[in-house]
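Good morning, and thank you for coming.

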Amino acid sequence: LRAQKAGIRLALCSGRIPDDAGFFASDAGLDMAVIALNGGCVMTHPGGQVHCGKLMDVETLAAMRTILDQTELLYGVFRENELVVNRKERDRQKADVMWGTHLHRAGGRCSIAYGTQALNDMALRGCNKVVVIDEEETADLASLRTAILKSVQGIEITSSWQNNLEMNPDGVNKGAALTALAGTLGIAMADVMAIGDNDNDVSMLQCAGWSVAMGNATAAALAAARYVTLRNDENGVAAAISTLAFGEAVEGVHQL
């Protein structure tokens, strides 16, 4: 809130569905832009009009599903505020952790469906992102990633957690979306601060003039950052803003 009041433009950059991510911003009282689905969609403010870019086409999604259907892994296909999952998770709370905290929240535009027919219907329209989740954390996701990249053209693969793979159309990532948003706002990338903790944050950390990794960040995120802040559970974002935006010394925030 302090940064917003000071005139700093804020953006929440997430792999989540637009409205799922947007609720985190609005609940905090922040009228910030939302970059969702790893850069696949953008809202200028929470709950606003969703602007989506390049979609994964029908042929690419079909090739992806051919590989994923040969596994027993859970996977979901995202388009704007829609999600279709190959099978239903019986535990609602567990499903919300995997797919989105606010998917079922009143006032949101999120929808979720399950099964082959729903996937087929989604496939005809193209999608923004595909996510595969290893619920038991026993699958060889590195080998699956290699197999997908070998057989499927025109995609980027990243991860937002140790048990998932996230596939977007080639050129769609947080860094590209952040760069486009900064251009729209007339802000030079040299003046942009990006804060992230996982592999799907690497592209935006690489393009921002002030790149900050959380204290709990993955090795890839740390390697892409110029600074490190406190952990997620230690108010690391607030510490980074206080130090780098307001010039206050916060122990644990330092240049790498």
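**A walk through the model**

I start with Ala213, which has its place in strand β12, residues 210-213. Please keep in mind throughout that this is a predicted model. Is Ala213 buried or exposed? Its relative accessible area is 0%, and because buried means under 20%, Ala213 counts as buried. Which residues surround it? Setting aside its neighbours within four places in sequence, Ala213 is in contact with Gly196, Ala221, Leu222, Ala225, Tyr227, Val228 and Thr229. For a sense of distance, take Asp57: Ala213 and Asp57 are 156 residues apart in sequence, and 33 Å separate their C-alpha atoms in space.

Pro169 and Lys129 are 40 residues apart in sequence, yet their C-alpha atoms are 7.4 Å apart in space. Leaving out residues up to four places away in sequence, Pro169 touches Lys54, Leu55, Met56, Cys127, Asn128, Gly154, Ile155 and Glu156.

Next, the nonpolar cores. How many residues does the largest nonpolar core have? It has 24, and those with the most contacts inside it are Met64, Val130, Leu144, Ile148 and Met167. At least two residues of this core come from each of the following: α3 (58-68), β5 (74-79), α5 (116-123), β8 (129-133), α6 (141-151), β9 (155-158) and β10 (164-169). Beyond its neighbours within four places in sequence, Val130 is in contact with Met56, Leu61, Met64, Leu68, Gly76, Val77, Leu165, Glu166 and Met167. Apart from this core lies another, of 20 residues, among them Val42, Ala177, Met189 and Ala221.

An α-helix has 3.6 residues a turn, so residues three or four places apart point the same way.

In α3, the buried residues are Thr60, Leu61, Met64, Arg65, Ile67 and Leu68. Seen down the axis of α3, they fall within an arc of 160°, so they line one face of the helix. What covers these buried residues? The cover includes β5, α5, β8, α6, β9 and β10.

In α5, the buried residues are Ala118, Leu119, Met122 and Ala123. Viewed down the axis of α5, these lie within an arc of 140°, and therefore they line one face of the helix. They pack against α3, β5, β6 (82-85) and β7 (111-114). Which exposed residues does the face turned away from the buried side carry? On that face of α5 are Thr116 and Gln117.

Helix α2, residues 18-27, is described by a count: 7 of its 10 residues are buried, so α2 is largely enclosed by the rest of the structure. The buried residues of α2 are Pro18, Asp19, Asp20, Ala21, Gly22, Phe23 and Ala25, and they pack against β1 (11-13), β2, β3 and α4 (92-99). Just after α2, Gly29 takes a positive phi of about 75°.

That brings me to backbone angles. Most residues other than glycine have a negative phi, and most peptide bonds are trans. Asn38, which is not a glycine, has a positive phi near 60°. Asn235 also is not a glycine, and its phi is positive at about 60°. Where do these two residues lie? Asn38 is in the loop between β2 (33-36) and β3 (41-43), while Asn235 is in the loop between β13 (227-228) and α10 (236-244). Asn38 counts as buried, at 2% relative accessibility, whereas Asn235 counts as exposed, at 58%.

I finish with a pocket. Rolling a probe the size of a water molecule over the atoms shows where empty space is left. The second largest pocket has a volume of about 240 Å³. It is lined by 16 residues, and those nearest its centre are Val42, Ala177, Ala180, Leu181 and Thr184. Which element gives the most to this lining? The answer is α7, with 5 residues. Both β4 (51-52) and α7 (174-185) supply at least two lining residues each. By class, the lining has 8 nonpolar, 6 polar and 2 charged residues.

Thank you for your attention.

Note on methods: Residues numbered from 1 in each chain as written. Predicted model: local features only at pLDDT ≥ 70, side-chain atom pairs only at ≥ 80, totals over all residues. Heavy atoms only, no water. 1 Å grid on protein atoms, 1.4 Å probe; cavity = no way out; pocket = protein on both sides within 12 Å on 5 of 7 lines; lining within 4 Å. Points joined across faces, edges and corners; volume = space filled by probe spheres on them. Helix = DSSP H or I, 4+ residues; strand = E, 2+ residues; numbered from the N terminus. Nonpolar A, V, L, I, M, F, W, Y, C, P; charged D, E, K, R; others polar. Core = buried A, V, L, I, M, F, W, Y, C linked by side-chain atoms within 4.5 Å. Buried < 20%, exposed > 50% of the residue type's maximum accessible area, 1.4 Å probe, protein only. Contact = heavy atoms within 4.5 Å. Arc of directions from axis to C-beta.
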